[in-house]
Amino acid sequence: VSLQELMQPESGANGTAIAEFILLGLVEAPGLQPVVFVLFLFAYLVTVGGNLSILAAVLVEPKLHTPMYFFLGNLSVLDVGCISVTVPSVLSRLLSHKRAVPYGACLTQLFFFHLFVGVDCFLLTAMAYDRFLAICRPLTYSTRMSQTVQRMLVAASWACAFTNALTHTVAMSMLNFCGPNVINHFYCDLPQLFQLSCSSTQLNELLLFAVGFIMAGTPMALIVISYIHVASAVLRIRSAEGRKKAFSTCGSHLTVVVIFYGSGIFNYMRLGSTKLSDKDKAVGIFNTVINPMLNPIIYSLRNPDVQSALWRMLTGRRLLA
């Protein structure tokens, strides 16, 4: 049976609610599926191991008990959550050779994916604000970025992301699915489900753009503004060593921001396209697998404090506080 035939509605299926979706996964060829399994399992283990190592380093190392590392520890938890929403289910489907996903499980995956990605959005903004205060307002930094402020920023990030994820999930549950139930992807997400709905998705798409503007547009604008101020402050530093140190603390964060927002914008701003191609799967891999895997690599490779903390953890040494 060809992909085109699978994607067509079954005769007489109109008006009946479907109970499950069929996820085609990443590759059709059975020979390539073990390769995909090994790569995804490797990526999952590296991501979980890397992020939990950074979290452990932040918790046990007194030198890392600063606002920037508090946010980085939270980011590590999110990355583990983000990859755990999609990859284990892909691995289990590859092992069992079952592609069917119950309707409820699909919506649950959608909710948690948008929850973790949403918190990521706001947390990256909080980290940019932290860099802005540290470099541009050093005298008032400790009061403006107190432990209470840090916790409030993280709590607000979770609250906003929860509202966003719940809004999209409830809006999706209002749609009717009566015809084709085949998703040419490896996880359930909004663009793919919009295409399968029998009812109009116009309001859902408007909601996605409106909420997306608030959820992604506002944080992006705040990050850009923060870094414009940071760049102008750093360029005023006389010593080359001082400039290098200030930029190095921002470089890792900026790299993560560019990758995260670049792949996210490409994924959700192309809803008008009639056909979901393999390009969308590639962007999906970026969003769900590569981003969470890159974060610990970027932060640990570019950061001597994290490197030394990880080394001390591995060798069992402790820094005397």
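Trainee: In what order do the elements of the chain run from the N terminus on?

Mentor: From the N terminus on, the order is α-β-α-α-β-α-α-α-β-α-α-α-α-α. Keep in mind as we go that this is a predicted model. The secondary structure comes to 11 helices and 3 strands.

Trainee: And how many residues does the chain have, and what share of them count as buried?

Mentor: The chain has 321 residues, and 47% of them count as buried. A residue is called buried when its relative accessible area is under 20%.

Trainee: Let's turn to helix packing. At what angle do α2 and α3 cross, and how should I read it?

Mentor: Angles over 145 degrees count as roughly antiparallel, and those under 35 degrees as roughly parallel. Here the axes of α2 and α3 cross at roughly 160° and come within 9 Å. The two helices are therefore roughly antiparallel to each other. As for the hand, the crossing of α2 and α3 is left-handed.

Trainee: Now α4. What is its arrangement with α6?

Mentor: The axes of α4 and α6 cross at roughly 150° and come within 8 Å.

Trainee: Is α4 parallel or antiparallel to α8?

Mentor: Start with the geometry: helix α4, residues 103-136, packs with helix α8, residues 202-235, at an angle of about 20°, and the axes are 9 Å apart. That makes α4 roughly parallel to α8. The crossing of α4 and α8 is left-handed.

Trainee: Next, charges. How many salt bridges does the structure hold?

Mentor: The general idea is that side chains of opposite charge can pair when their charged atoms come close. This structure holds 2 salt bridges. In one of them, Arg-312 pairs with Glu-61, and the closest N and O atoms are 3.1 Å apart. Arg-312 lies in helix α11 (residues 304-315) and Glu-61 in the loop between α2 and α3, so the pair ties together parts that are 251 residues apart in sequence.

Trainee: Are Arg-312 and Glu-61 buried or exposed?

Mentor: Apply the cut-off of 20% from before. Arg-312, at 16% relative accessibility, counts as buried. Glu-61 is buried too, with a relative accessible area of 4%.

Trainee: Which residue forms a salt bridge with Arg-131?

Mentor: Arg-131 pairs with Asp-130, and the closest N and O atoms in this salt bridge are 2.9 Å apart. Arg-131 has a relative accessible area of 9% and is buried. Asp-130 is buried as well, with a value of 0%.

Trainee: What about the surface: which residues form a nonpolar patch there?

Mentor: Look at Phe-162, Leu-166, Val-170 and Met-174, which together have about 380 Å² of accessible area. Met-174 sits in the loop between α6 (147-173) and β3 (182-183). A residue counts as exposed at over 50% relative accessible area, and Met-174, at 62%, is therefore exposed.

Trainee: I also like to check backbone angles. What is the phi of His-97?

Mentor: Phi of His-97 is near 60°, a positive value in a residue other than glycine. His-97 belongs to the loop between α3 (67-96) and β2 (100-102). With a relative accessible area of 61%, His-97 is exposed.

Trainee: One last case, please. How far apart are Ile-265 and Ala-216 in sequence and in space?

Mentor: Always compare the two separations. Ile-265 and Ala-216 are 49 residues apart in sequence and 8.5 Å apart in space, C-alpha to C-alpha. Ile-265 is found in helix α9, which covers residues 240-268. Its relative accessible area of 37% makes Ile-265 partly exposed.

How values were computed. Residues numbered from 1 in each chain as written. Predicted model: local features only at pLDDT ≥ 70, side-chain atom pairs only at ≥ 80, totals over all residues. Heavy atoms only, no water. Patch = residues over 30% accessible without salt bridge, like charges linked within 9 Å, V, L, I, M, F, W, Y side chains within 5 Å. Areas by Shrake-Rupley, 256 points an atom, 1.4 Å probe, with all protein chains shown as cover. Salt bridge = Lys/Arg side-chain N within 4 Å of Asp/Glu carboxyl O. Helix = DSSP H or I, 4+ residues; strand = E, 2+ residues; numbered from the N terminus. Buried < 20%, exposed > 50% of the residue type's maximum accessible area, 1.4 Å probe, protein only. Axes fitted to C-alpha atoms, helices over the stretch in contact; angles between N-to-C directions. Parallel < 35°, antiparallel > 145°, perpendicular 65-115°, else oblique. Left-handed = near helix turned anticlockwise from the far one by under 90°.
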